[in-house]
Every structure is written in C-alpha cells, then in structure tokens.
Amino acid sequence: MRVALRAAALATAMLAPAASAQVIASGTIPDAAAEAAPVAAAASADARTVFPASVPQGAMVIGKVPPGSVVRYGGRQLRVTAYGSVVFGVGRDASGTLSIEVQPPGGAPQRAGIAVTPRDFPTEYINGVPPKTVNPPPEIAARIEREQAQVTAARARDDERPDFAQPFQWPVQGRISGRFGNQRVYNGKKGSGHSGMDIAAPTGTPVKAPAAGVITFAAPDLYLTGGTVLLDHGHGVSSTFLHLSRIDAKVGDRIAQGQVIGAVGATGRATGPHLHWGMNWFDVRIDPLLVLERAKAAP
Ligand SMILES: [Zn+2]
C-alpha cells in the first residue's frame, strides 16, 4: 500500500514530484539491522520519509526520515537516530489521523498522516482481589500516589540509545492471562484499561529483558505493583515489569536482550503468579503484544 505524503502547502510548488516522500507499509522499515551499524547506515541512508499508512490503537510506530531532520509529533520533538529512525507510541484511545511533521535538512517541510485503526477492548471481571488494594484507606492512597509519581518520573527519560529498534522477545514463556487495553472490573469496581499484558508463569520463573535497555527504576514492594522494575529502551520507550518475587538488577544497570532482571511473582495487587509487562512511550501506554508481533513480521 502506497500513499503519497502531503507536503506543506507553501512548499508544494517548489517540490519536484520525484522528491515527494512516501508512506509505505511498516514491514519494510529496516531499523534493527541498520541501527546495529549506525555509522555505515547513515552514510548510505537515503532521503525517504517512510511511515506506515495505518496503525492499530496501542502500536509502537517506527518511521524513517532523512537523517538530520527535525520531527514533531504529539507536541514533542522526536529524537532522530544517525540512520534516520524515529519512534512514538499510539495510545489505547487514539483515533482519527495522526500527523507527523518532518523538516528535512535543507528540504521542504513534509507532513505524514497515519490512520488509526480502532480495536475492540472487552471487559474483564476480576474477583478475589484483596479489598484493601481496590478501596485503599487515605494513607495508603497517598502512598500509591507517591509511588506512581516515581514511576512516572522514570518514564520521562529520553535517551539516545536505539534499543527500541531491536526485535523484541517474550520476557517469559506462558499463556496470556490478560490483554492490553481491556476494561478491568476489580471485585465489581470499575478500574482503568489494563495497562499491559499478563503472562501466566510460576513464581520464580526468570524474567528476561525483551530488548536491551537501562534500568531506571527498581523497588521490591510497591503497594499496588509489588516488585517493580522499569527498563528504558531509549527515545522514551520503556518496559515495566510488575509483581516480581525477586529483582536481579539495580538502577543504572545496562541490560542486554535476554538478560535476567528478576523473577515472576504475585506481589502487590495480584490474584496469582504472573508477569505484568507494560510498555510506554513516555506517558503513552502501548501494547507489548503488538511490539512482539512487529518483531515477528520483520524480515
Ligand atoms: Zn496486568
């Protein structure tokens, strides 16, 4: 599927048709290999602008722009790798057409539009959750707020490492026991959409880094999420691992893909042992399963 990219109105008259950028399907964006050798890739990188024509809600979107471009999306200026890769996340409730502004070095400004494909998020009823975690008393509510603020602060980091471009791997093998975005009802009380994916596995199962990164947060006993670890994959993309029974890494550790960072548990608000794996682009929650499927689709 090819869709012509709309150049900014002022620039259209000056832009030769051959120079028009294109939006093409996502499977053709060659990031992982290119990012492995960014210097060589930069030397041979072409000047195309490439984004998927459409993405589902909850997607991690990786695009390609001419190296050195200034790229704006969602009120942010996106980091651009030496090769010209950019990444951003699309929220569970995003809709319509996303707009990305690209200013190539010395070229006319461009605007890429990406259509958001809606998904169906069913409701899950979860009973038997400890009542004090569903309706916490005020002093506990204050603690939860404090802990969540620390996690939110860790997700604000914007590192230049392009670890996000690696094909992601499952952190543990197991049945998916909870899907991203599903509306949760705890003991009959409506919660928010499920912020990640749950994988059922026995307590003590090693949790392996799905992609390389740096540990930006590690705490053994947060009130709601128990043993909690954040792994930063660069450019605002991070993974969150919850309910861990053990943590094998500390803040600042550089982690390789596949390295053990902790073990599955049932700490915090959990009805049984499982790994909750969340992914974010800054404060935007994205679906790890889509990130895994993207890796599977890569050549
Ligand atoms: Zn979960």
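These legends go with close-up views of a predicted model.

**View 1. The whole chain, before zooming in.** We start with six helices and 24 strands in the chain. Of its 299 residues, 41% are buried. If you take the contacts between residues at least 6 apart in sequence, 69% of them join residues at least 24 apart.

**View 2. Helix H6 and its buried face.** H6 covers residues 288–297, and its buried residues are Pro-288, Leu-290 and Val-291. Looking down the helix axis, these buried residues fall within an arc of 160°, so they line one face of H6. Over on the other side of H6 sit Lys-296 and Ala-297, which are exposed. What do the buried residues of H6 pack against? Their partners are strands S4 (54–56), S5 (60–64), S15 (196–200), S23 (274–281) and S24 (284–286). As a general point, an α-helix has 3.6 residues a turn, so residues three or four places apart point the same way.

**View 3. Met-60 and the largest nonpolar core.** This core has 55 residues, and those touching the most other members are Met-60, Val-61, Val-71, Val-87, Val-229 and Phe-241. Why does the core lie between domain 1 and domain 2? Both domain 1 (2–117) and domain 2 (123–297) give residues to the core, so it lies between them. Zoom in on Met-60: leaving out residues up to four places away in sequence, Met-60 touches Val-87, Gly-89, Val-237, Trp-281, Ile-286, Leu-290, Val-291 and Arg-294. In soluble globular proteins generally, nonpolar side chains tend to be buried together.

**View 4. Val-65, a loop residue.** Val-65 belongs to the loop between S5 and strand S6 (70–73). Is Val-65 buried or exposed? Val-65 counts as buried, because it has 28 C-beta neighbours inside 10 Å, and the cut-off for buried is 20 or more. Setting aside neighbours within four places in sequence, its contacts are Thr-49, Val-71, Val-80, Gly-84, Val-86, Val-102 and Pro-104. Take Val-80 from that list: Val-80 and Val-65 are 15 residues apart along the chain, with 8.0 Å between their C-alpha atoms.

**View 5. The open sheet S11-S13-S14.** Here three strands make an open sheet, in the order S11-S13-S14, with mixed pairing. S11 (123–126) and S14 are at the edges with a single partner strand each, so one side of each has no neighbour in the sheet. On average, neighbouring strands in this sheet are turned by 25° against each other, direction ignored. S11 and S13 pair in parallel over four bridges, and Tyr-125 stands opposite Val-185 in S13.

**View 6. The S13–S14 hairpin.** S13 (residues 183–186) pairs with S14 antiparallel, over three bridges. One bridge puts Gln-183 together with Gly-193 in S14. Two residues separate the strands of this hairpin, and Asn-187 in the turn has a positive phi of about 50°. How many of the five residues of S14 (residues 189–193) are buried? The count is zero, and S14 is hardly covered.

**View 7. The open sheet S16-S22-S20.** Another open sheet has three strands in the order S16-S22-S20, with antiparallel pairing. S20 and S22 (residues 260–263) are joined by two bridges, and Arg-246 faces Ala-263 in S22.

Definitions and conventions: Residues are numbered from 1 along each chain as its sequence is written. This is a predicted model: local features need pLDDT of at least 70, side-chain atom pairs count only at pLDDT 80 or more; totals for chains, interfaces and linings use all residues. A residue is buried if 20 or more other C-beta atoms lie within 10 Å of its own, exposed if 12 or fewer, and partly exposed in between; C-beta atoms are placed from the backbone. Two residues are in contact if their C-beta atoms, placed from the backbone, lie within 7 Å. The arc is that of the directions from the helix axis to the C-beta atoms. Two strands pair if DSSP finds at least two bridges between them. A nonpolar core is a set of buried Ala, Val, Leu, Ile, Met, Phe, Trp, Tyr and Cys residues joined through C-beta atoms within 7 Å. Domain bounds come from an automatic or database domain assignment. Axes are lines fitted to C-alpha atoms, for helices over the stretch in contact, and angles run from 0 to 180 degrees between N-to-C directions.
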